[in-house]
Amino acid sequence: MRAFDIEQIRADFPILHQQINGQPLVYLDNAASSQKPLQVIEAVDHYYRTDNANVHRGVHRLSQRATDAFEASRSTVRDYLNASSDREIVFVRGATEAINLVAQSFVRPMIVEGDEILISHLEHHANIVPWQMLCEQTGAQLKVIPMTDTGELDLTQIDELLNSRTKILSIGHVSNALGTVNPVKMLTEKARAKGIPVLIDGAQAVPHLQVDVQALDCDFYVFSGHKLFAPTGIGVLYGRQQLLEAMPPYQGGGDMILSVSFSGTIYNELPYKFEAGTPHIAGAIGLAAAIDYIQQFGMEVLAAHEHHLLDLATAKLQAMDGVRIIGTAKEKASVLSFMIDGVHPHDVGTIFDQQGVAIRTGHHCAQPVMEYFDIPATARASFAFYNSEQEVDALVAAIKKTQELFG
Ligand code: PMP
């Protein structure tokens with residue numbers, strides 16, 4: 001185990017050491033995408049310098065090395081999520097693609113008009129739109145678990161919402177807009193007790209919590225590598241083997257077949273059945289390097305530091321006049337959404353940028369959450385383990401500067 005030393009950790013992230021508008025960069029947009037440590041950059045670089053070739057098809061040395069590294073990455077992910085087999089780990093482009101895959105390959109064949117799909121009011125658009133599309137295609141209905149003023153799920157009607165018409169519960173683990181940690185284990189238990197399959201959107205959870213898919217007992221778990229300190233364009237669909245076996249392929253092409261003739265095609269075994277075309281080999285290798293990086297410290301250690309930053313920032317913002325925090329759930333992970341009285345969040349973002357502070361402003365691809373609070377957008381600071389207490393001070397200073405400029 002490597003000791004948690006914030007200066008040493010920051011030294012691993014080259015991008016953090018630059019000036020923006022003459023100020024040191026303070027990167028607080030981690031919920032949108034995270035930065036990459038040297039270990040990830042070097043793993044990708046090493047792959048392209050020494051092993052680059054297409055996987056699974058070649059007998060030559062480079063292809064074998066590329067295949068070994070790609071499949072070793074799958075094992076690293078399997079181990080990290082505590083899935084029971086490598087066959088349950090499908091490499092995809094990201095959480096969005098994984099949800100679309102499950103909607104079309106798992107739910108579509110078994111859903112008919114009048115059936116229901118259950119999501120929540122807190123979802124990212126990636127966990128809303130694929131289901132709306134499926135509803136349009138099949139006449140099924142989208143049902144929504146409501147939310148409360150604190151930005152938590154309102155579970156008073158959950159027993160009725162999970163009913164005999166429900167074909168899937170698809171629920172976010174952590175809200176990207178507010179940081180709320182949802183009680184996914186309890187919801188999974190409830191759903192599965194009624195025979196309802198469960199997908200968990202872990203895009204915002206995997207960077208902040210240790211996830212164990214067997215302990216959660218969910219059927220599908222999805223996330224994107226780029227939020228977990230890995231490259232963009234690589235993500236993971238975990239699926240229970242029995243379910244994946246029974247599902248038809250999502251896309252057709254190379255790698256997902258065993259044999260093709262004009263009279264018919266025999267599909268490949270898991271997980272390749274769902275990996276049509278040349279995969280993002282370097283991305284998978286980078287993802288494994290990112291997981292190895294996290295495991296040097298242990299996720300609990302990193303999460304404890306992030307929690308400390310979130311608590312510190314929350315207390316400081318609560319103490320400021322004219323600042324309102326949106327989303328005050330009891331259990332939160334790394335996200336602080338806020339409004340500054342009299343200033344549009346987009347102006348907040350622009351003034352912050354002049355101070356070198358990178359935050360996200362907008363609806364965060366969660367427009368129903370904005371509608372609930374009757375606001376067009378929020379300013380959102382989101383922390384990673386490489387952020388420091390000084391950066392929380394920079395956030396506070398940027399808010400003060402914004403308030404000064406807007407009188
Ligand atoms: N779900 C949540 C909760 C997210 O935060 C995001 C990314 N903002 C996604 C899904 C979609 O991830 P991607 O765009 O990487 O597919």
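Helices (H or I, at least four residues) are DSSP runs numbered from the N terminus. The model is predicted, with local features requiring pLDDT of at least 70 and side-chain atom pairs pLDDT 80 or more, while totals for chains, interfaces and linings use all residues. Residues are numbered from 1 along each chain as its sequence is written, and side-chain values use heavy atoms, without hydrogens or water.

**View 1. The shell of residues around the ligand.** Residues with a heavy atom within 4 Å of the ligand include G94, T96, H124, D201, S224 and H226. By class, the shell comprises 3 nonpolar, 7 polar and 2 charged residues; Asp, Glu, Lys and Arg count as charged, Ala, Val, Leu, Ile, Met, Phe, Trp, Tyr, Cys and Pro as nonpolar, and the others, Gly among them, as polar.

View 2. A polar side-chain atom of K227 is placed 2.6 Å from a ligand nitrogen atom. The side chain of Q204 has an N or O atom 2.7 Å from a ligand oxygen atom, and a backbone N or O atom of A95 lies 3.4 Å from an oxygen atom of the ligand. Of the 390 Å² of accessible area (Shrake-Rupley method, 1.4 Å probe) that the ligand has on its own, the protein covers 83%.

**View 3. The largest pocket, whose space the ligand takes.** A pocket is an open set of points on a 1 Å grid over the protein atoms alone where a 1.4 Å probe fits, with protein on both sides within 12 Å along at least five of seven lines; lining residues have an atom within 4 Å of a point. The volume of the largest pocket is about 370 Å³, taken as the space filled by probe spheres set on the points. Its lining has 27 residues, with H124, N176, A203, Q204 and K227 nearest the centre. Helix 4 (residues 95-107) gives the most to this lining, with 3 residues.

Note on methods:
A polar contact is a pair of N or O atoms within 3.5 Å; within protein, one must be able to donate a hydrogen and the other to accept it, and residues adjacent in sequence count only if both atoms are side-chain atoms. A molecule sits in a cavity or pocket if more than half of its atoms lie within 2 Å of its grid points. Helices (H or I, at least four residues) and strands (E, at least two) are DSSP runs, numbered from the N terminus.
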